[in-house]
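Colleague: I am new to this structure. Could you take me through it, one question at a time?

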Amino acid sequence: MKRALAYLAEQPRLSAQHVGGELIRIEVEDQPEVLAVISAANEMDAATAASYREKHPGMDFLCGYRKTCVWPGDTIEYLQNVGIGWGSAGTLTSAALDGEANTASHKTYFFSDRLLRQYGRVQELTREYDRIYRIALRTGAVLRIGMIADYEPNADAVRSLWDEFGPVDIVWNINPNGSPSPEAIDAGSELGCEVLKWEELKERLRTA
């Protein structure tokens with residue numbers, strides 16, 4: 001909690017106060033007040049999210065403060081259905097400044113999520129975790145895709161994703177400024193998956 005408040009205190013135009021327990025209040029000039037829960041959970045399961053909402057019914061945003069925090073798909077669906085934003089401390093800051101705390105989603109995966117949902121060849125999309133999707137294409141092909149946001153994913157990043165979330169067909173390096181290392185591509189080949197950037201992924205989906 002202290003680290004979260006210290007981080008928020010560094011942000012311009014924003015002030016944060018500890019209300020009690022894991023709940024904080026954020027105030028931004030000309031924007032709605034935000035009540036946010038700061039959680040240290042490593043995995044934010046749906047039962048934990050529901051218990052936070054029951055304890056703090058006015059909650060606008062649920063923040064998984066740890067960089068390693070993982071969000072299962074049913075947790076994301078639950079929070080979106082009840083009008084609570086979710087994501088990292090950076091997501092919370094941006095959402096509070098924009099007055100969008102109740103609808104915000106993890107900024108690391110926001111644009112890649114939108115790209116997949118807007119891609120015309122995708123017929124059905126299931127979000128298993130914040131970074132893992134199972135997509136059904138209009139051709140009938142089904143692919144499991146995992147996302148890595150590192151600037152230059154290495155072999156360990158690919159193997160860690162595989163070990164933690166299970167086999168995937170494609171590892172998508174979603175950082176727009178970086179590219180996977182040759183070692184990451186080799187590690188994917190050894191495991192049985194491709195390591196791709198968006199343009200390569202689009203071509204893969206076009207021909208699948």
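Modeller: Gladly. Keep in mind that this is a predicted model.

Colleague: How do helix H2 and helix H3 pack: roughly parallel or roughly antiparallel?

Modeller: H2 covers residues 46–55 and H3 covers residues 73–81. Their axes lie 8 Å apart, at an angle of about 25°. Angles under 35 degrees count as roughly parallel. The packing of H2 and H3 is therefore roughly parallel.

Colleague: Which kinds of residue make up the contact of H2 with H3?

Modeller: H2 brings Ala46, Ala49, Ala50 and Arg53, while H3 brings Asp74, Thr75, Tyr78 and Leu79. By kind, the residues of this contact divide into 5 nonpolar, 1 polar and 2 charged.

Colleague: Next, helix H4. How many of its residues are buried?

Modeller: H4 spans residues 89–98. The buried ones are Ala89, Gly90, Thr91, Leu92, Thr93, Ala95, Ala96 and Leu97. H4 is largely enclosed by the rest of the structure, because the buried residues number 8 of the 10.

Colleague: Which residue just after H4 takes a positive phi?

Modeller: The phi angle there is about 70°. The residue is glycine 99.

Colleague: Is leucine 14 buried or exposed?

Modeller: Leucine 14 sits in strand S1, residues 14–20. Beyond its sequence neighbours within four places, leucine 14 touches Leu8, Ile26, Glu27, Val28, Thr93, Ala96 and Leu97. Its relative accessible area is 10%. Buried means under 20%, so leucine 14 is buried.

Colleague: What separates the C-alpha atoms of leucine 14 and glutamate 27?

Modeller: Along the chain, the two are 13 residues apart.

Colleague: Which element gives the largest share of the lining of the largest pocket?

Modeller: The largest pocket has a volume of about 660 Å³. Of its 27 lining residues, Lys67, Thr68, Tyr109, Arg131 and Asp150 lie nearest the centre. Helix H5 (107–118), strand S8 (142–148) and helix H6 (155–165) each give two or more residues. The largest share, 6 residues, comes from H6.

Colleague: How do the residues of that lining divide by kind?

Modeller: Tyr109 and Arg131 are among the lining residues. By kind, the lining of the largest pocket divides into 12 nonpolar, 8 polar and 7 charged.

Terms used:
Residues numbered from 1 in each chain as written. Predicted model: local features only at pLDDT ≥ 70, side-chain atom pairs only at ≥ 80, totals over all residues. Heavy atoms only, no water. Axes fitted to C-alpha atoms, helices over the stretch in contact; angles between N-to-C directions. Helix = DSSP H or I, 4+ residues; strand = E, 2+ residues; numbered from the N terminus. Parallel < 35°, antiparallel > 145°, perpendicular 65-115°, else oblique. Contact = heavy atoms within 4.5 Å. Nonpolar A, V, L, I, M, F, W, Y, C, P; charged D, E, K, R; others polar. 1 Å grid on protein atoms, 1.4 Å probe; cavity = no way out; pocket = protein on both sides within 12 Å on 5 of 7 lines; lining within 4 Å. Points joined across faces, edges and corners; volume = space filled by probe spheres on them. Buried < 20%, exposed > 50% of the residue type's maximum accessible area, 1.4 Å probe, protein only.
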